[in-house]
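User: I am new to this structure and would like to learn how to read it. Please take it one feature at a time.

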Amino acid sequence: MHAVILRSAVSNVSGLTPLTAGTVPSRGMEKANESSLMGFVLLGFSDHPRLEAVLFIFVFFFYLLTLVGNFTIIIISYLDPPLHTPMYFFLSNLSLLDLCFTTSLAPQTLVNLQGPEKTITYGDYVLQLYISLALGSTKCILLAVMALDRYVAVCKPLLYVVIMNPWLCQQLATISWLSGLANSLIHATFTLQLPFCGKHRLDHFICEVPALLKLACVDTTTNELVLFVVSVLFLLLPPTFILISYGFITQAVLRIQSVEARRKAFSTCSSHLTVVIIFYGTIIYMYLQPSSSYAQDQGKFISLFYTMVTPTLNPMIYPLRNKDVKESVKKLLSGKLCSLWT
């Protein structure tokens, strides 16, 4: 989502037609509030009617995987005492975030794909915009926090319990959630102040800021600059921090003499790093494309991937690479975990 914001900010700032800031055309003034009354039309994949049926099954399948998988991660992280560690505390936060993020988008996407009705009310659009923007921003920060946790665990193992104490973990998680919420409140509110002059057809299947900016009938230079700054803060700084952290982690792991300890360190870190690469990889791929080679349909499919597929990765990747998670899932399925808790 933020990748689209950054790409749109860069391309639109250079190609905007100058208008007097705050000036609204006379007819636009009369129609400025029509979109709030009519709602919006999310065109989505309406130009590929046969594909919509396939995508409906695709979205529904991955939505179910997201619900089952992430609920499982949250339950075992809460019930199993061996998983009461900072790493699984942040992982359960990430699972909760992915649950909320997908739930804010998947139901409307399924409705959009199911039939010819593509409309969404203005209130629902605004709600989806606020929620998805807040959760998307939170995930960028939370993944960086998880990299910090892995850095301390590998590079400062003797001080890990002291540094990553429960109070600090709670504070880091709170900062992640609040930063995403603050970005959404400021960013979305600022964008929704723009008049749309009666235009309400959006060539996308989800609610995003760049799509709204294209409908605006006033100079959006200030909005574009805000988008650019926000995208740098949430798209470029966190992955840079993560890469630096894993540079130090790699050096520390290579100095470990024990083969078993080295394997365990690589196993726990590689799970998080895999999620980071896939999540940021899709976004950076969109951002690095030149505007001339960017196709709208391609952007929709990439958006579909990181909104519907990436939330299923945590429950798929961590059980495959972490022995503790495998054991907890086995205990949960056998009923031992619930009996142990009671």
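Analyst: Start with the secondary structure. This is a predicted model, and its protein chain has 15 helices and 3 strands.

User: How many residues does the protein chain have, and what share of them counts as buried?

Analyst: Of its 342 residues, 50% count as buried. As for surface, the chain exposes about 16,300 Å², and carbon and sulfur atoms supply 70% of that area.

User: Which residues does the UniProt annotation "transmembrane region" cover?

Analyst: The annotation comes from an unreviewed UniProt entry and covers residues 53-76, 88-107, 127-146, 158-178, 225-249, 270-288 and 300-320. Such a range can be compared with the model. Residues 225-249 are 100% helix and 0% strand, with the end C-alpha atoms 35 Å apart. Residues 158-178 are 81% helix and 0% strand, and there the end C-alpha atoms are 31 Å apart.

User: What should I look for in the interior?

Analyst: In soluble globular proteins, nonpolar side chains tend to be buried together. Here the largest nonpolar core has 57 residues, and those with the most contacts inside it are Val59, Phe90, Leu143, Met164, Ile242 and Tyr280. Helices that each supply at least two residues of this core include α4 (49-79), α5 (86-114), α6 (122-155) and α10 (221-254). Apart from it lies another core, of 21 residues, among them Leu133, Phe196, Leu202 and Ala211.

User: Which residues does Tyr280 touch, leaving out those up to four places away in sequence?

Analyst: Tyr280 touches Cys140, Leu143, Phe234, Leu235, Pro238, Pro239 and Ile242. For the chain as a whole, take contacts between residues at least 6 apart in sequence: 82% of them join residues at least 24 apart.

User: Which residues make the nonpolar surface patch of about 420 Å²?

Analyst: Leu158, Leu159, Val162 and Ile163 make that patch. Ile163 lies in helix α7 (residues 160-163).

User: Why does Ile163 count as partly exposed?

Analyst: The class follows from relative accessibility: buried is under 20%, exposed is over 50%, and partly exposed is in between. Ile163 counts as partly exposed because its relative accessibility is 32%.

User: How does the reading go for glutamate 327, and where is its place?

Analyst: Glutamate 327 is in helix α14 (residues 323-334). Its relative accessibility is 37%, so glutamate 327 counts as partly exposed.

User: What separates the C-alpha atoms of glutamate 327 and aspartate 80?

Analyst: Read the sequence separation and the spatial distance together. The two residues are 247 residues apart along the chain, and their C-alpha atoms are separated by 9.8 Å.

Terms used: Residues are numbered from 1 along each chain as its sequence is written. This is a predicted model: local features need pLDDT of at least 70, side-chain atom pairs count only at pLDDT 80 or more; totals for chains, interfaces and linings use all residues. Side-chain values use heavy atoms; hydrogens and water are left out. UniProt positions are given in the numbering used here, feature names are shortened, and annotations may be inferred rather than shown by experiment. Helices (H or I, at least four residues) and strands (E, at least two) are DSSP runs, numbered from the N terminus. A nonpolar core is a set of buried Ala, Val, Leu, Ile, Met, Phe, Trp, Tyr and Cys residues joined through side-chain atoms within 4.5 Å. Buried means under 20% relative accessible area, exposed over 50%, partly exposed in between (1.4 Å probe, protein chains only). Contact means heavy atoms within 4.5 Å. Patches are made of residues with over 30% relative accessible area and no salt bridge: like charges are joined within 9 Å, nonpolar side chains (Val, Leu, Ile, Met, Phe, Trp, Tyr) within 5 Å. Accessible areas come from the Shrake-Rupley method with a 1.4 Å probe; for residues, only the protein chains shown count as cover. A salt bridge is a side-chain nitrogen of Lys or Arg within 4 Å of a carboxyl oxygen of Asp or Glu.
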